Amino acid sequence: MAIRLIEPLIVGRIIGDVIDPFTPSVQMFVNFLTKQLFNGSELLPSAVSFKPRVEINGADLRTFFTLVLTDPDVPGPSDPYLREHLHWYAYCL
């Protein structure tokens, strides 16, 4: 199941180019209003104009998390001359 969760990140060259390989250890759900976000999702600016609702399940309450929304191939996959663009990050204590 872990491979299926990260496969879009491998295909999209996020794993290996932006971050190192990893094994998911918790379930995380991210929703922008009524749209659920999945690894590899492409979102229009209008879909992310409000802050997301984030739910993390299965974690030790003493664990810290950082959530990052990044675009690894700005302005687009065919010509990513600006490379990675950080949209926002949040941390959970």
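I take a salt bridge to be a side-chain nitrogen of Lys or Arg within 4 Å of a carboxyl oxygen of Asp or Glu. The model I am reading is a predicted one, and by this rule I count 1 salt bridge in it.

**Entry: the salt bridge**

I looked up the partners and found that the side chains of Glu55 and Arg53 meet, with 3.3 Å from N to O. I then checked how open the two residues are: Glu55 has a relative accessible area of 31% and is partly exposed, while Arg53, with 54%, is exposed, because the cut-off for exposed is over 50%.

**Entry: the chain as a whole**

I noted 1 helix and 5 strands in the protein chain, and reading from the N terminus I get the order α-β-β-β-β-β. The C-alpha trace spans about 40 × 30 × 20 Å along its principal axes. Of the 93 residues, 13% are buried, and the chain exposes about 7600 Å², of which carbon and sulfur atoms supply 58%. For contacts between residues at least 6 apart in sequence, I recorded that 40% join residues at least 24 apart.

**Entry: the open sheet**

Which strands form the open sheet, and in what order? I find 3 strands in the order S2-S1-S3, with antiparallel pairing. Strand S2 (35-37) and strand S3 (53-57) stand at the edges with a single partner strand each, so one side of each is left without a neighbour in the sheet. From one strand to the next the twist averages 25°.

I followed strand S1, residues 27-32, to its partners. Towards S3 the pairing is antiparallel and runs over 5 bridges; here I see Gln27 opposite Asn57 and Asn31 opposite Arg53, the arginine whose side chain meets that of Glu55 in the salt bridge. Towards S2, which also runs antiparallel to S1, I count 3 bridges, and Asn31 stands opposite Gln36 in that strand.

S1 and S2 form a hairpin with 2 residues between them, and in the turn I noted that Leu33 has a positive phi of about 55°.

**Entry: the nonpolar patch**

Which residues form a nonpolar patch on the surface? I list Val68, Leu86, Tyr89 and Tyr91, which together have about 480 Å² of accessible area. Strand S5, residues 83-92, gives the most to the patch, with 3 residues, whereas Val68 lies in strand S4, residues 65-74. I checked Val68 separately: its relative accessibility is 46%, and Val68 therefore counts as partly exposed. That value also passes the cut-off for patches, because they are made of residues with over 30% relative accessible area.

**Entry: Phe64**

Buried or exposed, I asked of Phe64? With a relative accessible area of 60%, Phe64 is exposed, and I place this residue in the loop between S3 and S4. I also looked up its separation from Cys92, and found the two residues 28 apart in sequence but 5.8 Å apart in space, C-alpha to C-alpha.

How values were computed
Residues numbered from 1 in each chain as written. Predicted model: local features only at pLDDT ≥ 70, side-chain atom pairs only at ≥ 80, totals over all residues. Heavy atoms only, no water. Patch = residues over 30% accessible without salt bridge, like charges linked within 9 Å, V, L, I, M, F, W, Y side chains within 5 Å. Areas by Shrake-Rupley, 256 points an atom, 1.4 Å probe, with all protein chains shown as cover. Helix = DSSP H or I, 4+ residues; strand = E, 2+ residues; numbered from the N terminus. Buried < 20%, exposed > 50% of the residue type's maximum accessible area, 1.4 Å probe, protein only. Pairing = 2+ DSSP bridges. Axes fitted to C-alpha atoms, helices over the stretch in contact; angles between N-to-C directions. Contact = heavy atoms within 4.5 Å.
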